[in-house]
Amino acid sequence: INAKDIGDSLYRYIEETCKLRIGSSKFTITAIQVPEDIRPIFPCEVTVPILKHEQISFLMDGRVFEFNEIYYLGDRYEYRGSSYRE
């Protein structure tokens, strides 16, 4: 899959173009010290823990179709959310 084909929504592409049904996702948010290998991606010296957000998304048949690993500055992040699917 290339980004041009996906357009503005991976989920829409999976369901409408690939004709697959998205089922669920699981995620974990963990406070960690900045690992050396990702330190250069932050625009400033990080002296506080960062938040690591890992998410795995599944199709209705249980196959994984997406994995995300995202890092946030711990002192500039607020988590809010709701999630549902019919």
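Predicted model: local features only at pLDDT ≥ 70, side-chain atom pairs only at ≥ 80, totals over all residues.
Setting aside neighbours within four places in sequence, Phe-65 is in contact with Leu-10, Tyr-11, Ile-14, Ile-22, Ser-57, Phe-58 and Leu-59. Phe-65 belongs to strand E3. Between Phe-65 and Ile-14 there are 51 residues along the chain, and their C-alpha atoms are separated by 8.7 Å.

The chain has a mean pLDDT of 89, with 100% of its residues reaching 70 or more. Helix H1 (residues 3–6) has the lowest confidence, at a mean of 86, while E2 has the highest, at 95.

The strands come next. Three of them form an open sheet in the order E1-E2-E3, with antiparallel pairing. Strand E1 (22–32) and strand E3 (64–73) are at the edges with a single partner strand each, so one side of each has no neighbour in the sheet. From one strand to the next, the twist averages 15°. E1 and strand E2 (residues 50–59) run antiparallel and are joined by ten bridges. Along this pairing, Ile-29 stands opposite His-53 in E2, and Thr-30 stands opposite Lys-52 in E2. E2 and E3 also run antiparallel, joined by nine bridges, and here Phe-58 stands opposite Val-64 in E3. The hairpin of E2 and E3 has four residues between the strands, and in this hairpin Gly-62 takes a positive phi near 95°. E2 is mostly covered, with seven of its ten residues buried. Helix H2 (residues 10–17) lies across E1, E2 and E3, and its direction makes an angle of about 175° with E3.

What, then, makes up the largest nonpolar core? Seven residues form this core: Val-34, Ile-38, Phe-42, Val-46, Ile-50, Tyr-71 and Leu-73. Within the chain, and leaving aside neighbours within four places in sequence, Phe-42 is in contact with Val-34, Ile-50, Tyr-71 and Leu-73. Another core, of five residues, lies apart from the largest one and includes Ile-14, Ile-22, Leu-59 and Phe-65. In soluble globular proteins, nonpolar side chains tend to be buried together.

The model has seven salt bridges. In one of them, the side chains of Arg-12 and Asp-8 meet at 2.9 Å, N to O. Arg-12 counts as partly exposed because its relative accessibility is 40%, whereas Asp-8, at 70%, counts as exposed. Glu-15 forms a salt bridge with Arg-85, with the closest N and O atoms 2.5 Å apart. Glu-15 lies in helix H2 and Arg-85 in the segment after E3, so this pair ties together parts that are 70 residues apart in sequence. Glu-15 is partly exposed at 29% relative accessibility, and Arg-85 is partly exposed with a relative accessible area of 43%.

A further salt bridge links Glu-69 and Lys-52, whose closest N and O atoms are 3.8 Å apart. Since Glu-69 is in strand E3 and Lys-52 in strand E2, the pair ties together parts that are 17 residues apart in sequence. Glu-69 is partly exposed, with a relative accessible area of 39%, and Lys-52 is partly exposed as well, with 21%. Salt bridges that share partners bring Lys-52, Glu-54 and Glu-69 into one network.

Key
Residues numbered from 1 in each chain as written. Heavy atoms only, no water. Core = buried A, V, L, I, M, F, W, Y, C linked by side-chain atoms within 4.5 Å. Buried < 20%, exposed > 50% of the residue type's maximum accessible area, 1.4 Å probe, protein only. Contact = heavy atoms within 4.5 Å. Pairing = 2+ DSSP bridges. Helix = DSSP H or I, 4+ residues; strand = E, 2+ residues; numbered from the N terminus. Axes fitted to C-alpha atoms, helices over the stretch in contact; angles between N-to-C directions. pLDDT = per-residue confidence, 0-100. Salt bridge = Lys/Arg side-chain N within 4 Å of Asp/Glu carboxyl O.
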